[in-house]
Amino acid sequence: GMTLIEIMIVIALIGSLSVIMFNIFGGTQDKANRDQTELLLKGTVSGAVDRYKIQHRGKLPKSLQDLVSEGYLDSSQTVDVWGNEIRYVVTGRQYQLTSPGISGEFGTDDDIHHPPVSKK
């Protein structure tokens, strides 16, 4: 049999290993969510904007809702993986897609942009 001290040592070792494993793999989900949102902006939403632009003789949609109402996107594709609305801004002939990231607030360091915004 095992003594109470031996059992406590085993429990402490298992707890320590759990903490180490969480620290190693804990950030993996955040990275996966960020990657998935980048893919949504760069691939799905940007592709829908480009298809709209081609089919409307160079005009950009006024909003993401235009893409939904005309069947280019599903409404679920206008939110990021955290459930935040994607911001779509048109400036002349260019557009910018932005997810507020995990914080849910625009203008923070975790914002995700497409095309990427250069940091000055």
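Okay, ground rules. What you're looking at is a predicted model, where local features need pLDDT of at least 70, side-chain atom pairs count only at pLDDT 80 or more, and totals for chains, interfaces and linings use all residues. Residues are numbered from 1 along each chain as its sequence is written, and side-chain values use heavy atoms, with hydrogens and water left out.

Overall shape, then. The C-alpha atoms fill a box of roughly 80 × 35 × 20 Å along the principal axes. The radius of gyration is 22 Å, whereas a compact globule of 120 residues would sit near 14 Å; that's taken over C-alpha atoms, and the globule rule is 2.2 Å times the number of residues to the power 0.38. Of the 120 residues, 27% are buried, meaning under 20% relative accessible area with a 1.4 Å probe, protein chains only.

Five bridges link β1 to β2, residues 94–99. Across that pair, tyrosine 88 faces leucine 97, and threonine 91 stands opposite glutamine 94. The hairpin has two residues between the strands, and glycine 92 takes a positive phi near 65° there.

Last, the pocket. How much space lies in the largest pocket? About 310 Å³, where the volume is the space filled by probe spheres set on grid points joined across faces, edges and corners. A pocket here is an open set of points on a 1 Å grid over the protein atoms alone, where a 1.4 Å probe fits, with protein on both sides within 12 Å along at least five of seven lines; lining residues have an atom within 4 Å of a point. There are 14 lining residues, and Arg34, Asp111, Ile112, His113 and Pro116 are the closest to the centre. α2 (28–55) and β3 (112–114) each supply at least two lining residues, with α2 giving the most, four. By class, the lining has six charged, four polar and four nonpolar residues.

Notes: Ala, Val, Leu, Ile, Met, Phe, Trp, Tyr, Cys and Pro count as nonpolar, Asp, Glu, Lys and Arg as charged, and the others, Gly among them, as polar. Two strands pair if DSSP finds at least two bridges between them. Buried means under 20% relative accessible area, exposed over 50%, partly exposed in between (1.4 Å probe, protein chains only).
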